[in-house]
Each structure stands twice: as C-alpha cells, then as structure tokens.
Amino acid sequence: MHAWESIQKTLEYIEDNIIDDISVNTLADIAALSVFYFQRLFTRLVHKPVREYIKLRRLAHAAEILRSNDTYIIDIAVNLGFGGRETFSRAFKEVYGFSPAEYRANPIGLNYFDKPNLLLNYVMVDEGVPLVTEGIVLEYNRRILDKPIHFLGVQDLWQFVPGKMLGERPGVSKPAEIWDRFFAVKDKIPHDPNARHVGVSFHGGAPDGYSTYFVGVEVDAAENSNHFANWQLPARPYIVCGYEAENFAELISSLGKMMKFTRFWLKDHGLRADGFFPEIYYNNQTFSHAYMEMWIPFTER
C-alpha cells in the first residue's frame, strides 16, 4: 500500500465519524503507522495538522447544518465535538469571520476546507480516457470552438487568494455571492430555457491582487444590454474537461479537487492554461447526472 493510501483511509474514517470522538491513536492504527510518523505524513499530504483538519471539516459540516435546518446552535456544537456554544462560536468566527448565529441569519456562500482525494495527486489519465473517483467522472479532450459563445450576466471584482477556489482555504466565497446576484436577475435576460451558464474568473482590468468574476447565461450573438455585463468564450482550441457526478451538490463540492487535478493534468501533458478557466454548466435535465465542462484555452509549455 502506498503512503497516500494509508492517509486516505484515515480521511474516509474521519468523514464517516465526524460527530464522534476521533483519537489520533485510532487514526494511526488505521494507517498502520506510528503516531509520530502518521502525524508527520498526514500534515505533509493534507497540508494541515490532523487536529486542525478535523476542526475544519467539523466547521464545514456545521455550516451546512446552519444553512439547511433549525438545529439549536448549542446542539450543533455538542454533536460536532466542540464542547459548548462559546468554543464553537469562537472557532467558527476565527475561520469564517462571523459567528454561527450571524451566518444563520445571513447564510452567504462559504469556501470550506474540502476532504482531499489524494488519488488525484498520483494518478494520471490520457486524453479521452475517463477517470472515475469518489463518484465523479472526469474526461479531458481537445476541441476547437469555431465561433464564440456569448453570455450576458453580472460581474464584480474579488480578491484572489491562492487556494481559495481549490478547497484549501476556508472563508467567505465572493464567487458564490456573484452567482446569487445572477440568479436574482437571470429571468430578466432573454435566453433559451436550455441555455448554458458560465462562471469565469479573468483579469479584465482588475487591480493588483484582484480578479474579475463573471456569471452569465448563453444568449444569441445579437443580444446586448446596457443593464448586464457581457462576456464571450472566444473561438480557438481548448482542452475541455468534462465532470459528471450523481447530483449537482456533489459536483459543486468536488469542484476544487477537480480544478486542482486539472492543473496537475495540464502540467503533466506539457500544457499551460492561457488566461482563464471558464466553468460551463448545462441544463441538469439534459443528463441523467449533473454535468459541467471546463473549457481551458492553452499554450504549449
């Protein structure tokens, strides 16, 4: 068994027992390693000490509970091993910038520290060969776009922090807030019911340390508006990365891992992304599973 496989087994155990008391000794036994070496290897591969990782995953689960139901905050705190409301609230605020009560009152989009899939750091696939992992299917193909695809929607600046979109840096999600703004006005944009949606980060004249983030719906080339921002996917060659999952929630929760693997995949194939990573979302009713594509303009390294 490879070292990463031992650590992955402990990640699965943590996720399956997130509400229980999790002993480092138990995790070391699962990994068949000494406690000392297990903790060193875990930190090296996951980029967080094991206790901090468990805390971040519990906070991610807590945020989902706060957003989805009316469970008392004290019960969330106790059930997830924080001991009491005060300890839980302090940890939540340190990571996300506001208290659990404030988040429940205004449940904005958050970036969580995702459960890693370490397989994606060690396995490579060729073009046109699907990779199936954790219920996600990935496939990479080259495609030439003969004419641009036009979108209308909303955009804003967001402060770019490395790791935020890769599931490694928890905090408030500015792109999620822009998506919410888009869906609030989407019906005012003339479009086909089966039109594709896009979310894309690009420079767009943004000041240092910031990127422009656009969310929109596909429109006819003749459509224009003074009320909405416009963006187009240019005609050129692309690496198209197709992602399929059992449902939309699973697709979105795995996006950071897929983006990280995609960068790994491009480098391994001697390619470099050229400027932007547009996420193209299709009407879910078209597929038996949730599906999206990332169209990556590329150059040779």
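In this predicted model, helix α1 (residues 3–16) and helix α2 (residues 24–31) have axes that come within 8 Å and cross at roughly 135°. The crossing in which α1 passes α2 is right-handed. On the α1 side, the contact is made by Ser 6, Lys 9, Thr 10, Tyr 13 and Ile 14, and these meet Thr 26, Leu 27, Ile 30 and Ala 31 of α2. Sorted by class, this contact has five nonpolar, three polar and one charged residues.

The largest pocket holds about 1400 Å³ of space. It is lined by 41 residues, of which Leu 110, Ala 176, Ala 249, Ile 252 and Ser 253 are the closest to its centre. Two or more lining residues come from each of several elements, namely α4 (50–68), β1 (110–111), α8 (174–185), α9 (248–253), α10 (255–268) and β11 (279–281). The lining of this pocket is made up of 18 nonpolar, 11 polar and 12 charged residues.

Cavities are also present, and two of them reach 30 Å³ or more. The second largest cavity has a volume of about 40 Å³. Its lining consists of Ile 136, Tyr 243, Leu 251, Ile 252, Ser 254, Leu 255, Met 258, Tyr 281 and Met 292, with α9 and α10 each supplying at least two residues. Here the classes are eight nonpolar, one polar and no charged.

Terms used: Residues numbered from 1 in each chain as written. Predicted model: local features only at pLDDT ≥ 70, side-chain atom pairs only at ≥ 80, totals over all residues. Heavy atoms only, no water. Axes fitted to C-alpha atoms, helices over the stretch in contact; angles between N-to-C directions. Helix = DSSP H or I, 4+ residues; strand = E, 2+ residues; numbered from the N terminus. Left-handed = near helix turned anticlockwise from the far one by under 90°. Contact = heavy atoms within 4.5 Å. Nonpolar A, V, L, I, M, F, W, Y, C, P; charged D, E, K, R; others polar. 1 Å grid on protein atoms, 1.4 Å probe; cavity = no way out; pocket = protein on both sides within 12 Å on 5 of 7 lines; lining within 4 Å. Points joined across faces, edges and corners; volume = space filled by probe spheres on them.
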